[in-house]
Amino acid sequence: MIARLSSPNIQLNELGKLHHFLTLEGLKQHHLIEILDTTKSFINPNTNEIKKVPLLRGKSIMNLFFEPSTRTRTTFEIAEKRLSADISSLDIQTSATKKGESLLDTLWNLQAMQADMFVIRHAQSGAAQFFAQHVAPHVHVLNAGDGQHAHPTQAMLDMFTIRKHKGDIFDLKIAIVGDVLHSRVVRSQIQALSILEAREIRVVGPKTLMPENPEALGVHIYHDMEEGIAGVDVIIMVRLQNERMTSALIPSEKEFFKLYGLTEERLALAKPDAIVMHPGPINRGVEIESMVADGSQSVILEQVTYGIAVRMAVMSIIMSNAAQLSQYKAEQVAQTEQDRLQEENA
Amino acid sequence: MRLAISNGRVIDPAQNIDQISNLYLSRGKIAGIGEQSPEGFSADKEIDATGKWILPGLVDLQARLGEPGSHYAGSIASETKAAVAGGITSICCPPDTAPVNDSQAVTELLQRRARQAATAFVMPIGALTQALKGERLSSIYALKQAGCVALSQANQPIQNALTLKNALEYTASHDIVVMLRCEDSQLKNQGVAHSGMVSTRMGLPEIPPSAETSALARDLILVEETGIRAHFSQLSCARSVEMIADAKKRGLPITCDVAIHQLHLTEMDVLGFNSLFHVTPPLRSMQDREALLNGLKTGVIDAIVSDHTPIHKDDKLLPFGESLPGISGLETLLPLLLKLVNDYGLDLMTAIRSVTHNPASILGIHTGSLNQNQSADFCILDPNGYWTLDPEKMVSEGKNTPFKGWEFIGTIEQTFFQGRPVYRNPTLPK
């Protein structure tokens, strides 16, 4: 085979810092730790309240949702407001038959309205990267979910939640239960857990909802729920979508719950202090029993709160990286000028 | 006009010739090959081809020419020019035009445009079913009479087994080859990438190999039952090669082809979501690629095609799954084939046969050879010429190539069609 270099990581700038936030793949531990630490700084440790800060004052953020979303979009909007940014949100109905020209024209038009950052959700895997490749160099793209590819801010808020309750992630066993195959959230969670060197990542579910090549993701597959969650520190339940039934991947919600639903009895198989997570919205009685969802080990609602802080962290890091980069470039120019003058004098 | 091309290495798999010799042309036909000119032949002009190769003009079983319709970039005039720049002088164009080539009128339009362009031999392939819908049969007799050399469904295989069986049975008595691309649309399930390591990592909707192999199994059984001469187009899976080999062993009258890009690229190239690598069928695993190459070496795979699909820039400037699949491939067919010879131990004669004599035999036509009295279609190639592919310099209106920046050894210097020079490499001195 002819060796071909994979495309460079376009989400990093010349200084190796985040310029866009598209996927967790290819990021280093320090990138993730910086996000988690910054997230922490936005949350009042006593009240869990999130402060309003002027970090993005005068910056313009546009939320482009090519696919409907309520939860993610709302938390992004709240995060942007708490950072004092100017925001506008657009629902853009798009069809597969639309020409690329008009899709990019839409983007460039919005860019001409002085946008500094786009938050994008799109039904196609790779869409965020596509937009990042075509925006102006000073504009940032933040992926709010692209097809079945990635949902990095969701994964980061999950990491934050785990870290808050369990401390360092490297010693933990984590089980992710449900539709792994079609989930962008799970793909990003697995990448985050791998980068943070979790001790063991398990995915649990029927064969039809599991990837055919688990080795590509570096996970262990379990088809038996009891075995899969035995002794784990964290259980992440994934939402089961209706279309999985209509496309004959599983017979019924009832059977799914019988096999993989998280009940109190099953939860008892995990470590006694295990936490239960769910990216929401939850289907009570399908993935999870109400007793468990509302129980003492559940951290589901906390996740939502942290979702705001994590998004604030990512946006503020990206903007401060941009400032740092322009300062660095200015210094370089000054240095070159100084060198030139010195040479002239000599 | 009588022309002598002297001292070149003449390679013609149809006659099993590979020797330093002279090629003589007279009135657009091959007058002969040999040390001595044919009796009574005196050349008006001589071209010295010392150190060069002389190959029969290539026969491409699948290339879209952009007409009729605006779905694809280019026109018959522009794309036949691109073909001869790639040494290809006979081209089959699939019926997925707009309107679909399911009628005498469209077939005749294609032929008329090709005659006006007068750059290469264009052979329309008729649609097996009306509008390629896979429901009602096209007027197969009329299409054949109008000059269609084969029938196919392009990239819209018939899903209904009974319809396919009837189509094959009806066609069996018309002595025309049916080209089948095998794909079960339900198993494909709107997928855009091979189901493997890469699709799992990238979250791209998957097309399992079974989408091809299960349809191939069905089609082989129906071909056997109806006794029709069938050609299987653009295989992509290792298992398909085995199935074709088995069927050939059993004596079925079948042949098959592979698109040249499948022999160079794999699913790994899709990492990074570059829409230039979006093709139908999808780029598959390394093992599949190896098996296809092996199938070519062992003769299971008869022909290599460009599967040329010139696409407007805007139709590739989209997220991977929304972009139009296809590669502008006319100008890279021969270069990529020679790369297999240089880098992967493919026998030169086998390589050239797969793009000349074999595809011509599949169609039952006489081009693709340097036989006496055949149309003088050939190209002169400098086997040591080194060049790098720059999409902007491509002749085709479609600049959609994933091979940008690839380095090639072997430059096509001149191409002749019916004895006339139709292409001269711009890098040659005037």
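The points below concern a predicted model of two chains, A and B, and take up the fold of chain A, its contact with chain B, and some local features of chain B.

1. Overall form of chain A. Twelve helices and nine strands are assigned in chain A. The radius of gyration of chain A is 22 Å, which agrees with the value near 20 Å that a compact globule of 346 residues would have. Taken along the principal axes, the box filled by the C-alpha atoms of chain A is roughly 80 × 50 × 50 Å, and a reader may wish to view the chain with these dimensions in mind.

2. Burial and contact order in chain A. Of the 346 residues in chain A, 43% are buried. When contacts between residues at least 6 apart in sequence are considered, 76% of those in chain A join residues at least 24 apart.

3. The contact between the chains. On the side of chain A, 26 residues are in contact with 19 residues of chain B. The elements of chain A that give two or more residues to this side are helix H3 (100-112), helix H4 (127-134) and helix H6 (184-195), and the largest share, four residues, comes from H3(A). By class, the residues with which chain A touches chain B are nine nonpolar, twelve polar and five charged.

4. Packing of H1(A) on H5(A). Two packed helices are described by the angle between their axes and the distance between the axes. For helix H1 (residues 29-41) and helix H5 (residues 152-166) of chain A, the angle is about 70° and the axes are 10 Å apart; since angles of 65 to 115 degrees count as roughly perpendicular, H1(A) and H5(A) are therefore described as roughly perpendicular to each other. The crossing in which H1(A) passes H5(A) is right-handed. From H1(A), the residues that take part are A:Leu32, A:Ile35, A:Leu36 and A:Thr39, and they meet A:Met156, A:Met159, A:Phe160 and A:Arg163 of H5(A). This contact of H1(A) with H5(A) is made up of six nonpolar residues, one polar and one charged.

5. Packing of H5(A) on H12(A). H5(A) also packs with helix H12 (residues 300-345) of chain A, where the axes come within 8 Å and cross at roughly 115°, and here too the crossing is right-handed. H5(A) contributes A:Thr153, A:Met156, A:Leu157, A:Asp158, A:Phe160 and A:Thr161, which meet A:Glu302, A:Gln303, A:Tyr306, A:Gly307, A:Val310, A:Arg311 and A:Val314 in H12(A). The classes represented in this contact are six nonpolar, four polar and three charged residues. A:Met156 and A:Phe160 deserve a note, as they are listed in the contact with H1(A) and also in the contact with H12(A).

6. Cis peptide bonds in chain B. Most residues other than glycine have a negative phi, and most peptide bonds are trans. In chain B, the bond from B:Ala98 to B:Pro99 is cis, with omega near 5°, and B:Pro99 belongs to the loop between strand S7 (88-93) and helix H2 (104-117) of chain B. The bond from B:Thr280 to B:Pro281 is likewise cis, with omega near -10°, and B:Pro281 is placed in the loop between strand S14 (254-259) and helix H9 (286-298) of chain B.

7. Positive phi in chain B. B:Ala118, which is not a glycine, has a positive phi of about 50° and is located in the loop between H2 and strand S8 (121-127) of chain B; it has 13 C-beta neighbours inside 10 Å and so counts as partly exposed. B:Gln190, also not a glycine, has a positive phi of about 60° and sits in the loop between helix H5 (185-188) and strand S11 (193-194) of chain B. B:Gln190 has 10 C-beta neighbours inside 10 Å and therefore counts as exposed.

8. The setting of B:Asp219. This residue is part of helix H7 (residues 210-226) of chain B, and because 24 C-beta neighbours lie inside 10 Å, B:Asp219 counts as buried. Leaving aside residues up to four places away in sequence, B:Asp219 touches B:Leu180 and B:Cys182. B:Asp219 and B:Ala127 are 92 residues apart along the chain, and their C-alpha atoms are separated by 17 Å.

Key. Residues are numbered from 1 along each chain as its sequence is written. Chains are lettered from A and ligands numbered from 1 in the order in which they are written. This is a predicted model: local features need pLDDT of at least 70, side-chain atom pairs count only at pLDDT 80 or more; totals for chains, interfaces and linings use all residues. Two residues are in contact if their C-beta atoms, placed from the backbone, lie within 7 Å. Ala, Val, Leu, Ile, Met, Phe, Trp, Tyr, Cys and Pro count as nonpolar, Asp, Glu, Lys and Arg as charged, and the others, Gly among them, as polar. Axes are lines fitted to C-alpha atoms, for helices over the stretch in contact, and angles run from 0 to 180 degrees between N-to-C directions. Angles under 35 degrees count as roughly parallel, over 145 as roughly antiparallel, 65 to 115 as roughly perpendicular and the rest as oblique. A crossing is left-handed if the near helix is turned anticlockwise from the far one by less than a right angle, and right-handed if clockwise. The radius of gyration is taken over C-alpha atoms; the globule rule is 2.2 Å times the number of residues to the power 0.38. A residue is buried if 20 or more other C-beta atoms lie within 10 Å of its own, exposed if 12 or fewer, and partly exposed in between; C-beta atoms are placed from the backbone.
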